[in-house]
Each structure stands twice: as C-alpha cells, then as structure tokens.
Amino acid sequence: DEIVKRQLHIAFYVNTRADCVDFEILKKLKQAGCYNISYGIETASPTLLSRMNKENDVHKAETAVTLTKRVGLFPGVLIVVGYVGETEETIDETIDFLQRVDISEVGTVGGLWILPGTGVYRYAKKLGIIDDSFWLSDEPCMVYTHEHSLKKLRFFTHAIKNRKKLSEMTFKYHLMYVLRTYIGGFEQKVLNVLNKLPLIGHLLENSYPAIRHNFSRLIRFWE
C-alpha cells in the first residue's frame, strides 16, 4: 500500500510460500510493481511434503499459481530434487503438477543440500555420511546422494525442467540424453542409424520398459 501511495514506480519480484498469498494480496503486489513471484513448493508429492513437515499442499500451490496468472503476474516455482525418499514416481508427481499448471519458470539446484541444523543433516550424520568436522574443511556444501547418485539427480532435474515424465520416456529419448550429456555431438549419428533401421528402433522401444527397470536395479546395486 505504501509503495502505491508514494508512487515510487519500482519493479521487483518476490519469493514466498503458496499459503502466503491470496487474490487481494496478489492484486496489490501487481499494483505496487511486482512482476514475478516464485513459490517454494519443493515438490508436488504429498508423501514428500509430509516428510518435509511442510504446511503447504499441492492444492494450495496450484491455487496460488492460478491466481498469480489471473492478476497478470509471472509465476515460477522452486523445486528440491532428491529429498529423502525421492523416487521416479515422486519425480513424476512433480512433473505432472508442472504440466497441469502450465508453468514455464522452474528453479532447482539439482540436489538436496545437507545444511547444519536441519533434519536432513541429523539424518545424514546418523548414516555416517557427514559429521561436524566437514564444516572445518574447504569443501563446498554436500549434496545428499545416499539414495541417488549425482548423475541420477541431474537426470531427474533434466526431466523436471523439460516437463518430461520418467514413466513416459522412450528408449530414444533416454539414449539421446545420455549421449548428449556425456559424449556431446555423437547423438545425431546414433539417431541417424536408428532412423535408417526402424525395425531395430521398434524392438528397442518395445523392450525399453524392461531394460530400464533392470538397468535401474543394477545402477542402485553399484551405487
């Protein structure tokens, strides 16, 4: 109200929680010069939200994004990838939410930071992943990788940013991601081969769900 009253003519953006806004607040923010609001929803998995002890729920997040669009503000969401208990299914729940609300701006650091004073830090200490002496070193902040490797977390992040549900990924899509990420430039040659040999491509696509399931089990064993 004071910004409007003083006619300050400033532009700003806001980071907040989905349960901290309503239609009237959003309208006033718009009038005051706000152009963007990012909501820290963390995840769209009810199971993980409960584990995080978050008061927000998926419905509140969806309502906040809808109202933000209605008043003419640009909405964004902030996502945590790889929280304790994260699975391919919970990643798909988050992607399903992003597809449903049709949001274009998604922020994620691609992993769960283990920070002192948090429940995750206490849990990581209990597992022997970290101890208090870590903070006397020059190492950067540690990412929680007890359940998923950094490579897997980067793949989860890729899926979220591209709104591509893991359960719907084809063999060709997954293969192109691996080649593009780790062998840059080689993916087009493989794609050309698959296009010239459609029968092989068809067989691989049909076999991909079973291949992917067993490969994921093998990766978890190695990790």
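Buried here means under 20% relative accessible area. Lysine 152 comes in at 16%, so this lysine counts as buried. Keep in mind that we're looking at a predicted model.

Just past H7, arginine 163 takes a positive phi of about 55°.

## Salt bridges

Side chains of opposite charge can pair when their charged atoms come close. The model has 9 salt bridges by the distance rule used here. One of them joins lysine 152 to glutamate 88, with the closest N and O atoms 3.8 Å apart. That pair ties together distant parts of the chain, since glutamate 88 sits in helix H5 (residues 88-101) and lysine 152 in helix H7, 64 residues apart.

Arginine 17 pairs with aspartate 19, and here the closest N and O atoms are 3.0 Å apart. Arginine 17 is partly exposed at 43% relative accessible area, and aspartate 19 is partly exposed at 27%. Then there's aspartate 132 with lysine 125, at 3.3 Å from N to O. Aspartate 132 is partly exposed at 47%, as is lysine 125 at 36%. Finally, Glu62, Asp96, Arg100 and Lys165 are linked in a salt-bridge network.

## Strands S1 and S2

Strand S1 (residues 12-16) runs parallel to strand S2 (residues 34-42), and the two pair over 5 bridges. To get from S1 to S2, the chain goes through helix H2 (residues 23-32), making a right-handed β-α-β crossover. Within the pairing, phenylalanine 12 has cysteine 34 in S2 as its bridge partner.

Alanine 44 lies in the loop between S2 and helix H3 (46-51). With a relative accessibility of 7%, alanine 44 counts as buried. Its C-alpha atom is 8.8 Å from that of isoleucine 79, a residue 35 positions away along the chain.

## A nonpolar surface patch

What makes up the nonpolar patch on the surface? The members are Val109, Trp113, Leu115 and Trp135, and together they have about 390 Å² of accessible area.

Leucine 115 belongs to the loop between strand S4 (105-108) and helix H6 (119-127). Its relative accessible area is 36%, so leucine 115 is partly exposed. That clears the cut-off for patch residues, which is over 30%.

Technical notes: Residues numbered from 1 in each chain as written. Predicted model: local features only at pLDDT ≥ 70, side-chain atom pairs only at ≥ 80, totals over all residues. Heavy atoms only, no water. Patch = residues over 30% accessible without salt bridge, like charges linked within 9 Å, V, L, I, M, F, W, Y side chains within 5 Å. Areas by Shrake-Rupley, 256 points an atom, 1.4 Å probe, with all protein chains shown as cover. Salt bridge = Lys/Arg side-chain N within 4 Å of Asp/Glu carboxyl O. Helix = DSSP H or I, 4+ residues; strand = E, 2+ residues; numbered from the N terminus. Buried < 20%, exposed > 50% of the residue type's maximum accessible area, 1.4 Å probe, protein only. Pairing = 2+ DSSP bridges. Right-handed = clockwise from strand over helix to strand, strands pointing away.
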